[in-house]
Amino acid sequence: MRPTLLALGLALGLGGTAFAHADTTPPSQPPLTALTKDSGTPEPAEQKRVHFDHAELHIAVHPDTQSIDGKATLTFSALEATDVLMVDLDRNLPVSAISVDGHALAASAWSNPEGRLRIQLPQAVAKGSKVSATITYGGKPHVAKKAPWDGGFVWSHTKDGQPWVGSAVEGEGCDLFWPCVDQPDGKPDLVDLYVNVPKPLVAPGNGVLVGVSDEGSTSTYHWRAKHPTTYAISINVGPYKELTGEYKSRYGNTIPLQYWYMSGEEKQAKALFAEFPRMLEFFEAKVGPYPWGDEKMGVVETPYEGMEHQTINAYGNNYAKDGTGFDWLLQHEFSHEWFGNQMTNANWDDMWLHEGFATLMQPLYAQYLDGDAEYYAWINRLRMMIANRYPVVSGTQRTEEAVYDESRGGPGQDIYNKGALMLQTLQHLIGDKAFYDSTRELVYGRPDPKPGNFQPQYRTTADFMRIVNQVTGKNYDWFFKVYLYQAALPKLDVQRHGDTLDLTWQAPDKLPFPMPVEVQVDDTVHTVAMDGGHGSLAVPASALVTIDPHSVLLRDEPRITEFQQWMKQQRAQHKGAKQ
């Protein structure tokens with residue numbers, strides 16, 4: 001989740017979430033370097049020499065001083081010989097000691113001037129060998145001004161004044177609080193996270209709770225997670241209450257359910273918790289097995305809006321009601337367990353694979369619960385928010401912020417809305433079976449996923465194009481080249497000449513676009529083949545004609561452009577009246 005969800009909530013008439021008990025003005029803090037501020041910067045050759053096997057993270061959280069003390073033991077396998085380890089860590093968290101394979105290094109052996117910690121190894125590591133570095137660090141982690149729209153820690157407090165802490169670092173990256181490989185494909189195979197907090201605070205975390213140790217005035221929570229997405233590793237601290245349950249999956253396994261919430265909200269918490277099983281039922285039926293069934297479906301209430309933290313999704317929607325019959329924020333974040341955590345974009349340029357699929361799952365879920373009216377209401381609202389300023393995919397290596405920032409040529413919220421409606425059009429074009437077969441292959445790397453027979457996948461747009469072509473036995477590159485690699489939408493020119501209806505696609509850059517078009521003539525729906533981008537249909541002059549009667553074609557529509565321009569004028573006038 002990033003800025004689009006607020007826009008979506010406002011478009012749905014939901015309003016924003018207000019945390020009256022959260023601090024809104026962060027303390028003065030040193031700036032982040034350009035390297036730390038952006039996730040997915042060009043990866044140095046030194047990082048590519050190793051595979052990230054294991055991260056053992058010990059993080060003590062001090063709410064009274066808004067600081068942390070950390071010790072991270074990182075284990076790597078050498079893919080080729082190397083005499084250097086390089087990890088990302090905010091330089092504002094000073095390193096006090098480093099040891100390699102248990103041997104302390106002199107301070108001269110490491111440096112971190114810009115947020116990329118370079119460790120000179122005592123001796124070269126041969127290809128196929130392992131090496132471990134223990135990094136001791138600490139200080140005041142970067143504070144988010146308005147999480148999750150910008151990243152960092154949120155030091156807040158509950159209504160009765162107790163500490164309430166959360167982290168949200170998607171945009172800036174994992175290096176805001178632990179030494180990591182800040183790339184989409186930088187996941188460790190395994191993470192053991194030890195979070196030390198003052199009593200009686202609780203620290204829900206990613207994966208499975210291994211144990212809780214009593215250390216006098218503090219407690220340490222030990223969590224273990226497999227293949228966690230780097231920005232999805234999170235810190236959550238507060239005086240939590242917990243709801244637990246189980247879900248019997250259609251795949252034969254039993255999935256633990258856990259929700260951590262604040263005292264005094266038992267009624268709302270139980271109502272939200274009751275939504276967990278039906279969300280699992282929907283996603284497992286539509287997509288496939290819940291990827292982390294041997295860990296948990298976990299949700300934690302947070303002092304910020306939300307984020308797709310793996311097996312511990314952040315929820316901060318204040319139990320808002322919107323008439324849809326489900327919590328839209330919870331459902332969106334949960335969808336990222338498939339689209340984001342199990343299947344992860346290999347390059348931020350392919351971020352629509354996370355957000356486009358996750359956004360499409362909302363109207364599909366509404367349809368499952370309440371039928372077509374809710375489905376089309378969602379589709380129409382998404383359509384009204386498509387901007388078409390820049391292509392969804394640039395075809396280049398991009399950072400996370402460059403994708404979200406339209407001032408830098410990024411597609412912004414189009415990775416959500418345009419991505420979702422492109423997928424809706426694709427589903428209609430190739431049919432439900434081919435669409436969901438392609439989706440399963442994308443997510444699981446195989447057509448027959450079952451618990452235990454798949455691994456997390458790194459994916460690109462090119463991968464999805466290849467999969468669709470393979471599943472359908474046809475070449476649909478023309479479809480993706482227009483919708484994803486061009487900013488403008490295709491236009492459909494419609495002309496009636498006597499008893500003939502002539503249709504012509506006008507695609508950007510005159511690209512091929514043989515998209516079939518459904519036409520309803522009175523009570524009969526016809527499919528017009530558009531070979532070469534042109535087609536025609538015999539239509540009686542007196543007939544009522546509807547183009548695209550089921551609203552499945554994503555195309556340029558004057559009515560929407562006019563509405564968007566009018567809304568822009570209204571916002572400008574409103575802003576001027578307030579000044």
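Student: Over which residues does pLDDT stay under 50?

Tutor: This is a predicted model, so confidence comes first. The stretch is residues 3-24. The model has 51 contacts beyond four places in sequence for those residues.

Student: What pLDDT does the protein chain average?

Tutor: The average is 94. Of the residues, 95% score at least 70.

Student: How do I read a disulfide, and how many are there?

Tutor: A disulfide is a covalent bond between the sulfur atoms of two cysteines. Here the count comes to 1. C174 and C180 form a disulfide, with sulfur atoms 2.0 Å apart.

Student: Why is the disulfide of C174 and C180 called right-handed?

Tutor: Look at the torsion about the S-S bond. For C174 and C180 that torsion is about 90°, so the disulfide is right-handed.

Student: Is C174 buried or exposed? And C180, buried or exposed?

Tutor: C174 counts as buried because its relative accessibility is 0%. C180 has a relative accessible area of 0%, so C180 is buried too.

Student: How do I read aromatic pairs, and how many are found?

Tutor: A pair of aromatic rings is described by the distance of the centres and the angle of the planes. A search of the whole structure finds 38 pairs. Take F479 and F480: their ring centres are 5.3 Å apart and their planes lie at 80°. Planes over 60 degrees apart count as edge-to-face, so this pair is edge-to-face. Both F479 and F480 are buried.

Student: Which residue lies over the face of W149?

Tutor: That residue is K146, at 5.4 Å from the ring centre of W149.

Technical notes. Residues numbered from 1 in each chain as written. Predicted model: local features only at pLDDT ≥ 70, side-chain atom pairs only at ≥ 80, totals over all residues. Heavy atoms only, no water. pLDDT = per-residue confidence, 0-100. Contact = heavy atoms within 4.5 Å. Phe/Tyr/Trp six-rings, centres within 6.5 Å; stacked < 30°, edge-to-face > 60°. Buried < 20%, exposed > 50% of the residue type's maximum accessible area, 1.4 Å probe, protein only. Lys NZ or Arg CZ within 6 Å of the ring centre and 35° of its normal. Disulfide = S-S within 2.5 Å.
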